[in-house]
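Trainee: Could you take me through the sheet in this one, strand by strand, and then what packs against it? I'd like the cut-offs as we go.

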Amino acid sequence: MNAIITVVGSDKVGIIAKVSAFLSENKINIADITQTILSGNFVMMMMVEMTGSEITVDELRKSMSSLAEEMGVEINIMNEKVFSSMHRI
């Protein structure tokens with residue numbers, strides 16, 4: 001299964017490193033990533049492949065919520081199929 005992860009918050013050192021390390025530790029592959037700074041805010045969107053991971057999307061949400069709180073950012077996770085359906089024209 002693939003998921004879309006978005007990270008938004010004030011720009012600071014280490015956001016990509018911490019999120020990437022967490023995903024790596026849980027055997028979640030980053031298939032695609034884009035990030036930018038908008039008016040001083042860090043914005044990142046990732047497509048991840050969860051097929052090699054043993055955690056569920058719900059477990060990932062809980063764990064990433066703790067990480068987001070620690071870093072002072074907002075992290076959202078959505079199933080890729082749901083995301084694609086919501087953004088289909």
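Mentor: Four strands make up an open sheet, in the order β2-β3-β1-β4, with antiparallel pairing. Strands here are DSSP runs of E with at least two residues, helices are runs of H or I with at least four, and both are numbered from the N terminus. Two strands count as paired if DSSP finds at least two bridges between them. At the edges sit β2 and β4 (73-79), each of which pairs on one side only. From one strand to the next, the twist averages 15°; axes are lines fitted to C-alpha atoms, for helices over the stretch in contact, and angles run from 0 to 180 degrees between N-to-C directions.

Before going further, a word on the source: this is a predicted model, where local features need pLDDT of at least 70 and side-chain atom pairs count only at pLDDT 80 or more, while totals for chains, interfaces and linings use all residues. Residues are numbered from 1 along each chain as its sequence is written, and side-chain values use heavy atoms, leaving out hydrogens and water.

Now the pairings. Strand β2 (residues 29-38) runs antiparallel to β3 (residues 41-49) over nine bridges, and I37 has F42 in β3 as its bridge partner. Two residues lie between the strands of this hairpin, where S39 takes a positive phi near 50°. On to β1 (residues 2-10): this strand also pairs with β3 in the antiparallel sense, over nine bridges, and A3 stands opposite V48 in β3.

What packs on the sheet? Helix α1 (residues 15-25) does, touching β1, β2, β3 and β4, and its direction makes about 20° with that of β3. Contact means heavy atoms within 4.5 Å. Helix α2 (residues 57-71) lies across β1 and β4, at about 165° to β4.
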